[in-house]
Amino acid sequence: MSAVPSPSGSVGTPSYMNPYLAGVGLGLVLLASFVIMGRGLGATGSFSSLLAWIVQAISPEHADAIAPYADYLGEDHPLKSWLVFLVSGAFAGALISGMMAHRVCACVEKGPHISTGGRLLRAYAGGALAGIGAKIGLGCTSGQALTGGALLNAGSWMFMLMVFVGGYAAAWYVRKQWI
Amino acid sequence: MDIGAPFYKLGMFGDDASLAVAAMLGVGFGFFLERAGFGSARKLTAQFYLSDMSVFKVMFTAIVTAMVGVFALSASGWLDFSKIYLVPTYVVPQIIAGFVFGVGFVIGGYCPGTSVAGIATGRIDAGVYAIGMLTGIFIYAEGFNSFFASWAEATPMGQITLPAVFGISPGYLVMAVAVMAIGAFALAERVESAFRRPG
């Protein structure tokens, strides 16, 4: 396992892009999606497709009886979905950027005061909570906050505000994991 | 100006081509997430300890950029805003959802999109987070018929934007959000320099 680069980017490598510049870049990708497709970006839907595909392979009857699976199943293969392709592209784009900056490493992101096992346990628990939240909210930071934020979608702005409220409310209790 | 967009909704290309578009947009999406440092859980969660407000800065710059673009192109008559998909609003479920999601964000260290950037750059914790995500969606789905379905669509408002809720012209709100964002960026810079940690 190689060393984790410092949060400001590892020494001797290009540091992160100016956040405002990166934001303009991300915003233009989002705008292109609106203009070309008539929809915004998303991430959670690709996880839903992947899970629906797995559940269908195990028990097609079970998958058909539950809307959160059935909604992602149709005549085509479940992974032949727009968001699965978008997220696959995102994987490639992030890999390109990471390789350009020498930021690719087999490593665990954590603060100095927590064990690797403890960190991975929290990564799992946090992922599960975010998964439930994204399903109830009909989207995540991509599909709701970013996309709906730009469209001035009423529910998206409430969701986004509450993401920050939830994050700041819990931050104190999990500070040992990060600082 | 005659309506010329969204291209896909106007039938300019089909479903298979739309998947290629998705992959290309995805490359840009992932590229800028990683460029910003969002493949790193420590960089992301620093937002909640006020030492690095990049999450806020990147997100709101992206929102303002796309918002102004959509507004200008719609106002010119070229982009048909009514053909852009809006996620319907359910007030109470989305308030609860945002809170739960935010707690998951600071505990897990990522959000779903940034976990993909983390996985792509080798972060093992991002991979574990993604498995957690699948577990969470599994819990939701398995509990849907008996629990979540009864309130998942409570307090519906339909597909509605903030200008429609407040009954004001979209242009004023676009301007107000842009001005507020600039003020918030200035505040974020000050907070950051007060809380910045060495290293």
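1. Two residues count as in contact if their C-beta atoms, placed from the backbone, lie within 7 Å. In this predicted model, B:Met59 is in contact with A:Ala145 and A:Leu146, its neighbours within four places in sequence being left aside.

2. B:Met59 is also among the residues with the most contacts inside the largest nonpolar core, a set of 117 residues. Others named with it are A:Leu30 and A:Leu86 from chain A, and B:Ile63, B:Ala66, B:Met67 and B:Val70 from chain B. Helix H3 of chain B (residues 54-75) provides the largest share of this core, twelve residues.

3. Between the chains, 113 residues of chain A are in contact with 113 residues of chain B. On the chain A side, helices H1 (19-37), H2 (44-58), H4 (67-70), H5 (82-100), H6 (116-137), H7 (141-150), H8 (154-171) and H9 (175-178) each supply at least two residues. By type, that side of chain A divides into 75 nonpolar, 30 polar and eight charged residues.

4. Two non-glycine residues of chain A have positive phi. A:His102, in the loop between H5 and H6, has phi of about 55°. A:Leu152, in the loop between H7 and H8, has phi near 55°. Their surroundings should be read separately. A:His102 is partly exposed, because 13 other C-beta atoms lie within 10 Å, while A:Leu152 counts as buried, with 23 C-beta neighbours inside 10 Å; the cut-off for buried is 20 or more.

5. The peptide bond joining B:Ala5 and B:Pro6 is cis, with omega about 0°. B:Pro6 lies in the segment before helix H1 (15-35) of chain B.

Methods:
Residues are numbered from 1 along each chain as its sequence is written. Chains are lettered from A and ligands numbered from 1 in the order in which they are written. This is a predicted model: local features need pLDDT of at least 70, side-chain atom pairs count only at pLDDT 80 or more; totals for chains, interfaces and linings use all residues. A nonpolar core is a set of buried Ala, Val, Leu, Ile, Met, Phe, Trp, Tyr and Cys residues joined through C-beta atoms within 7 Å. A residue is buried if 20 or more other C-beta atoms lie within 10 Å of its own, exposed if 12 or fewer, and partly exposed in between; C-beta atoms are placed from the backbone. Helices (H or I, at least four residues) and strands (E, at least two) are DSSP runs, numbered from the N terminus. Ala, Val, Leu, Ile, Met, Phe, Trp, Tyr, Cys and Pro count as nonpolar, Asp, Glu, Lys and Arg as charged, and the others, Gly among them, as polar.
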